[in-house]
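Please look first at the sequence and at the fold below, and keep both in view while you read. The paragraphs after them lead from strands to helices and then to a pocket.

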Amino acid sequence: MEETTEATTGYSHEPVENSGTCTVNIESDQCTANAEEDETAPADVSSYDWLSIVDMLGLQKHPAELVPCDVVGKELPLLEMWECFYTTYSRSVGFGIRIHTTSSNECRGVWRREWVCARQGFRRAKFLSPADRKRGSRDCTRCGCTACFHVLKSMSGTSWKVQRFDTNHNHALAAQEHLQFLRSNRKVTSSQASQIRTYKYAGLWTCDIVNLMVQQVGGFERLGFTRKDAYNKAAAMHRAETVETNSEGLLGYLASKIDSTDLTLYAKYAIDEEDRLCHIFWSDSGCQQDYMCFSDVLAFDTTYRSNTFNKPLVMFVGVNNHFRTCVFGFALLVNEKIESYKWVLETFLDCMHRRQPAVVVTDGDAAMKAVIILCFPDATHRLCGWHLSTNATSNIKSPNFTKAFRKLLYSHYNVPQWYERWDALLDKFELHDNV
């Protein structure tokens, strides 16, 4: 993507560091979200060295000889250093790890993280023998192991301190020749991924690529990943290439509509650190005119990852003077976090000349609620009637109650009348203890 800092017509464009293409009034922002991020897997810690970390901690023991008192209370400046420490420790001892809990807030960001042994906990009962299972169940690997590693960020935000370090395992540890097959130790490196991509372009099947790479390194034990990992990586790269191609096509299509048929069409997108499309919002002239006339009530909901790109689709809608649905805009987001919703609502306000709605209707999502308070401070927030009806139906298995509840929900009453009928409904179905 080429960079430009000027918009030739429509909305003004403010240059953003590392921003993507800006054509006419299609604007771009930098987005820090990563669509491929997996919060349950350890991050890439290859840039940190074990020897330098233990030197900072003042430790002289082999990793397998460490005990809790050697580590609890120690501090390091970066969370990634502790991740490198525990990853190296687990590999030396002979067990796999996974991220179990990550605590964060808007002010401090991530402030607590807990890693556990991969065999921590137990498989939930509903997954042991479901009635509709067509394939046999996988081997049950969890056995309630208590080994874990907790770190906390200091209030100043300058260091991370070990809160807990449990080294007790209730299962046999993996032998050294099997360590590379533990999930936390398996990884397709960037050079291996490039090799897989090259062979795929040449027309080789993924199974043949894996066999060739095994021959090159001298066996599966030296490869660093399994055959299934190679299939997953090849599929992920294919999806990324498809999305990148379609992203350029989408931006080109919007730019062509601006040039030819809709001079006031508004579109804005954000890119991540790797220059991939992160979020995009668009609204044509008809949508903007409808909002200027019928902005009293704004409803927006997320169609959760039901499209080809596996991204949440946000639709901004309202009702016109004929009680017909009118659309105000669309957005594709990388996730449903607070940062994503804040970006799309701020973009929506910029598109609509900062005109705020009087009432906002949503499905009650916690992230939406938090952002609505920030972006629409004067608006009244209400829950969607369809979601209320669905929740009531799923929790109270009574067709008669569902019918009466919907009648109460969608009929016109003043406040005293509504509460009178609500109390009567609770009395009829004996639900006072459930309110």
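What follows is a guided reading of this structure, one region at a time.

This is a predicted model, in which local features need pLDDT of at least 70 and side-chain atom pairs count only at pLDDT 80 or more, while totals for chains, interfaces and linings use all residues. Residues are numbered from 1 along each chain as its sequence is written, and side-chain values use heavy atoms, with hydrogens and water left out.

Some terms come first. Helices (H or I, at least four residues) and strands (E, at least two) are DSSP runs, numbered from the N terminus. Strands of a sheet pair through backbone hydrogen bonds, either parallel or antiparallel, and two strands are said here to pair if DSSP finds at least two bridges between them.

An open sheet of five strands has the order β2-β6-β5-β4-β3, and its pairing is antiparallel. The edges are taken by β2 (75-76) and β3 (97-105), each of which has a single partner strand, so one side of each is left without a neighbour in the sheet. Within this sheet, strand β4 (residues 109-117) and strand β5 (residues 148-153) run antiparallel and are joined by five bridges; Arg-113 has Val-151 in β5 as its bridge partner.

Buried means under 20% relative accessible area, exposed means over 50%, and partly exposed lies in between (1.4 Å probe, protein chains only). Strand β11 (residues 325-332) pairs with β10 in the antiparallel sense over seven bridges, and in β11 the partner of Val-314 is Ala-331, while that of Leu-313 is Leu-332. Strand β8 (residues 277-283) also pairs with β11, in the antiparallel sense and over three bridges, and here Phe-281 has Ala-331 as its bridge partner.

Which residue takes a positive phi in the hairpin of β10 and β11? The hairpin has five residues between the strands, and Phe-323 takes a positive phi near 60 degrees, a positive value in a residue other than glycine. Phe-323 is exposed, with a relative accessible area of 76%. Glu-430, in the segment after α12 (415-429), has a phi near 55 degrees, which is likewise a positive value in a residue other than glycine; at 69% relative accessibility, Glu-430 counts as exposed.

Turning to helices, we find that Cys-287, Gln-288 and Tyr-291 are buried in helix α7 (residues 285-293). They cover an arc of only 95 degrees around the axis, which puts them on the same side of α7; the arc is that of the directions from the helix axis to the C-beta atoms. On the other side of α7, Gln-289 and Cys-293 are exposed.

Strand β12 (residues 359-362) and strand β13 (residues 380-383) pair in the parallel sense over four bridges. Between them the chain passes through helix α9 (residues 366-375), and this β-α-β crossover is right-handed, a word used if, with the strands pointing away from the viewer, the path from the first strand over the helix to the second runs clockwise. Val-359 stands opposite Thr-380 in β13.

On a 1 Å grid over the protein atoms alone, a pocket is an open set of points where a 1.4 Å probe fits, with protein on both sides within 12 Å along at least five of seven lines, and lining residues have an atom within 4 Å of a point. About 950 Å³ of space lies in this second largest pocket, and of the 30 residues that line it, the closest to its centre are Val-361, Arg-382, Leu-383, Cys-384 and Gly-385. Grid points are joined across faces, edges and corners, and the volume is the space filled by probe spheres set on the points.
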